[in-house]
Amino acid sequence: MSTFEQKVEAFFKQADKDNSGTVSKLELCKVLINAGDGRTVCEINDWFDEIDSNKDGSMTLEELKKALNLRDPRSVQEAELRAVFKDLDVDGSGQLTVEDLRKVLAKTGQADKAAKYIEQVDVNKDGKVDFEEFLKAWKAGL
């Protein structure tokens, strides 16, 4: 599985607040707005409608992956990455720690990989990842 797919899965699991295996418009709006995405509710709804290919009112992980795979990961807007970063920043410190990532990855059964991921992205070697490091790693395809 590619790093991009892992990021998509982590985002999806964060958005799927009720653990139904699907994301509703409301769940998507909440996670993006809470992350400071910057898009309006109408824009998020339009994006949701594009992703929901079978028009059943819910987005599956497969639909999200398909929609995002149509885009070059380098075309993902900084606001979208800020939303993902904010979701990963469990303690709200503005930096990703091993513990933050461990909590998120535990939902996917990969908590043991948290330290490795932080180490790969932590440019200044302070044991944490700030948004700029996160953004650089995304652009580099890590």
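**Reading the helices and the core**

Modeller: Leu61, Glu63, Leu64, Lys65, Ala67 and Leu68 are the buried residues in α4. Buried means under 20% relative accessible area, exposed over 50%, and partly exposed in between (1.4 Å probe, protein chains only). Helices (H or I, at least four residues) and strands (E, at least two) are DSSP runs, numbered from the N terminus. The model is predicted: local features need pLDDT of at least 70 and side-chain atom pairs pLDDT 80 or more, while totals for chains, interfaces and linings use all residues. Residues are numbered from 1 along each chain as its sequence is written, and side-chain values use heavy atoms, with hydrogens and water left out.

Colleague: What do the buried residues of α4 pack against?

Modeller: They pack against α1, α3 and β2 (59-60), where contact means heavy atoms within 4.5 Å.

Colleague: Is Lys66 buried or exposed?

Modeller: Lys66 is exposed because its relative accessibility is 56%. Lys66 belongs to helix α4, residues 61-69. Its C-alpha atom lies 9.4 Å from that of Ser53, 13 residues away along the chain.

Colleague: At what angle do α1 and α4 cross?

Modeller: Axes are lines fitted to C-alpha atoms, for helices over the stretch in contact, and angles run from 0 to 180 degrees between N-to-C directions. The axes of α1 and α4 cross at roughly 135° and come within 10 Å. α1 is therefore oblique to α4; under 35 degrees counts as roughly parallel, over 145 as roughly antiparallel, 65 to 115 as roughly perpendicular, and the rest as oblique. From α1, Phe4, Glu5, Val8, Glu9, Phe11 and Phe12 make the contact, with Leu61, Leu64, Lys65, Leu68 and Asn69 from α4. These residues divide into 7 nonpolar, 1 polar and 3 charged. Ala, Val, Leu, Ile, Met, Phe, Trp, Tyr, Cys and Pro count as nonpolar, Asp, Glu, Lys and Arg as charged, and the others, Gly among them, as polar.

Colleague: How far apart are the axes of α6 and α7?

Modeller: The axes of helix α6 (residues 98-106) and helix α7 (residues 114-121) are 8 Å apart, at an angle of about 130°. That makes α6 oblique to α7. Val98, Leu101, Arg102 and Leu105 of α6 meet Ala114, Ala115, Tyr117 and Ile118 of α7. By class, the contact of α6 with α7 has 7 nonpolar residues, no polar and 1 charged.

Colleague: Which residues touch the most other members of the largest nonpolar core?

Modeller: Nonpolar side chains tend to be buried together in soluble globular proteins. A nonpolar core is a set of buried Ala, Val, Leu, Ile, Met, Phe, Trp, Tyr and Cys residues joined through side-chain atoms within 4.5 Å. In this model the largest has 41 residues, and Leu28, Leu32, Leu64 and Phe134 touch the most other members. The largest share of this core, 6 residues, comes from α1. Leaving aside residues up to four places away in sequence, Leu28 touches Phe11, Val23, Ile44, Trp47, Phe48 and Met59.
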